[in-house]
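Please look through the sequence and the structure shown here before reading on. The report is written for someone meeting this structure for the first time.

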Amino acid sequence: MAQILVRNLDESVVDRLKKRATLNSRSLQSEVKLILEQASRLVADRIRQQFADRSFSDSADLIREDRDR
């Protein structure tokens, strides 16, 4: 599993994250992991919604067409 190191994070941010983790009965690492997972899902959902009404051509067809030239 991948790891992330965040340098130079403001101490007030760390304090807020620690308080949030304590309130949720989680470790700081678990709390930050959950926040990142939720945020990445939200971003992915927004992107999917943005492109939901569009249709895209099959890239394999485009590559095949280009090669056949």
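The sections below go from the model as a whole to single residues.

## The model and its confidence

The structure is a predicted model, and the chain has an average pLDDT of 94, with 100% of the residues scoring at least 70. Among the elements of the chain, the highest mean pLDDT, 98, belongs to helix α1, which covers residues 11–23, while the lowest, 88, belongs to helix α3, which covers residues 59–67.

## Fold and overall form

The chain holds three helices and zero strands, and reading along the sequence gives the pattern α-α-α. The chain is more spread out than a compact globule, because its radius of gyration is 21 Å, well over the 11 Å that the globule rule gives for 69 residues. Taken along its principal axes, the C-alpha trace of the chain spans about 60 × 25 × 20 Å.

## Surface and charge

Of the 69 residues in the chain, 6% count as buried. The accessible surface of the chain amounts to about 6,700 Å², and carbon and sulfur atoms account for 51% of that surface.

The chain carries 14 positive and 12 negative charges, and the mean position of the positive charges lies 8 Å from the mean position of the negative ones.

## Residues of helix α2

Is Glu31 buried or exposed? Glu31 counts as buried because its relative accessibility is 0%, and the cut-off for a buried residue is under 20%. The side chain of Glu31 is also joined to the side chain of Arg26 by a polar contact of 2.7 Å.

Ile35 has its place in helix α2 as well, but with a relative accessibility of 25% this residue counts as partly exposed. Between the C-alpha atoms of Ile35 and Leu17 there is a separation of 9.8 Å, although the two residues are 18 residues apart along the chain.

Lys33 also lies in helix α2, and its relative accessibility of 41% makes Lys33 count as partly exposed. In sequence, Lys33 and Ile4 are 29 residues apart, whereas in space they are 9.9 Å apart, taken from C-alpha to C-alpha.

Asn8 is placed in the segment before α1, and it counts as exposed, with a relative accessibility of 81%.

Ser25 likewise has a phi near 55°, again a positive value in a residue other than glycine.

## Bringing the picture together

In this predicted model, a chain with three helices and zero strands is more spread out than a compact globule, and 6% of its residues count as buried.

Conventions
Residues are numbered from 1 along each chain as its sequence is written. This is a predicted model: local features need pLDDT of at least 70, side-chain atom pairs count only at pLDDT 80 or more; totals for chains, interfaces and linings use all residues. Side-chain values use heavy atoms; hydrogens and water are left out. Helices (H or I, at least four residues) and strands (E, at least two) are DSSP runs, numbered from the N terminus. The radius of gyration is taken over C-alpha atoms; the globule rule is 2.2 Å times the number of residues to the power 0.38. Buried means under 20% relative accessible area, exposed over 50%, partly exposed in between (1.4 Å probe, protein chains only). Accessible areas come from the Shrake-Rupley method with a 1.4 Å probe; for residues, only the protein chains shown count as cover. Lys and Arg count as positive and Asp and Glu as negative; His and the chain ends are not counted. The place of a charge is taken as NZ of Lys, CZ of Arg, CG of Asp or CD of Glu. pLDDT is the predictor's confidence in each residue, from 0 to 100. A polar contact is a pair of N or O atoms within 3.5 Å; within protein, one must be able to donate a hydrogen and the other to accept it, and residues adjacent in sequence count only if both atoms are side-chain atoms.
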